[in-house]
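Here is a short report for a reader new to this structure. Please look over the sequence and the model before reading on.

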Amino acid sequence: MPVVDQLAQEYGSDVAFVAVAWKGSEEATASRAAEILPSGSVRWGLDAEEAIFDAYGVPYQPVTVLITHDKIVKASWPGLRDESAIRAEIEDLMATAP
């Protein structure tokens with residue numbers, strides 16, 4: 001997640017970065033978020049009821065989902081990607097913004 005944290009610092013004024021966990025306690029999630037997302041540029045939360053995961057069809061973690069301003073899934077992928085691939089996806093997402 002260091003790459004995502006870095007990209008969030010770079011693109012944070014144009015794109016909202018949100019990390020959602022579905023297992024664990026609020027305390028454990030906060031601790032882990034502070035560890036892997038130290039800049040504070042990525043918003044995070046705990047989805048204990050799995051409502052967010054269900055809404056976007058996410059069956060497991062880690063999965064990245066890029067969502068447009070009007071809540072359309074633009075892209076998603078399981079696992080990790082390198083910085084250049086994520087950057088290209090973010091640029092493509094931004095190109096669809098009004």
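## Basis

This is a predicted model, in which local features need pLDDT of at least 70, side-chain atom pairs count only at pLDDT 80 or more, and totals for chains, interfaces and linings use all residues. Residues are numbered from 1 along each chain as its sequence is written, and side-chain values use heavy atoms, with hydrogens and water left out.

## Aromatic rings

A search of the whole structure finds one aromatic pair. Trp22 and Phe53 form it, 4.3 Å centre to centre with 45° between the planes, and it is tilted. (Rings of Phe, Tyr and Trp, the last by its six-membered ring, pair if their centres lie within 6.5 Å; planes under 30 degrees apart count as stacked, over 60 as edge-to-face and the rest as tilted.) Trp22 lies in the loop between β1 (18–21) and α2 (26–36), and Phe53 in helix α3 (residues 51–55), so the pair ties together parts 31 residues apart in sequence. Helices (H or I, at least four residues) and strands (E, at least two) are DSSP runs, numbered from the N terminus.

Both Trp22 and Phe53 are buried. Buried means under 20% relative accessible area, exposed over 50%, and partly exposed in between (1.4 Å probe, protein chains only).

## Charges over rings

The charged end of Lys23 sits over the ring of Trp22, 5.8 Å from its centre. The charged end of Arg81 sits over the ring of Trp77, 4.2 Å from its centre. The test is NZ of Lys or CZ of Arg within 6 Å of the ring centre and within 35 degrees of the ring normal.

## Helix α1

Helix α1 spans residues 2–11, and Asp5, Leu7, Ala8 and Tyr11 are buried there. Seen down the axis of α1, its buried residues fall within an arc of 165°, so they line one face of the helix. The arc is that of the directions from the helix axis to the C-beta atoms. Pro2 and Gln9 are exposed on the other side.

What covers the buried residues of α1 includes α2 and α4 (83–95). Contact here means heavy atoms within 4.5 Å.

## Helix α4

The buried residues of α4 are Ile86, Glu89, Ile90 and Leu93. They cover an arc of only 100° around the axis, which puts them on the same side of α4. Ser84 and Ala95 are exposed on the other side. The cover over the buried residues of α4 includes α1, β3 (63–67) and β4 (73–78).

## Ala34

Ala34 is in helix α2. Ala34 is exposed, with a relative accessible area of 53%. Ala34 and Trp44 are 10 residues apart in sequence and 9.7 Å apart in space, C-alpha to C-alpha.
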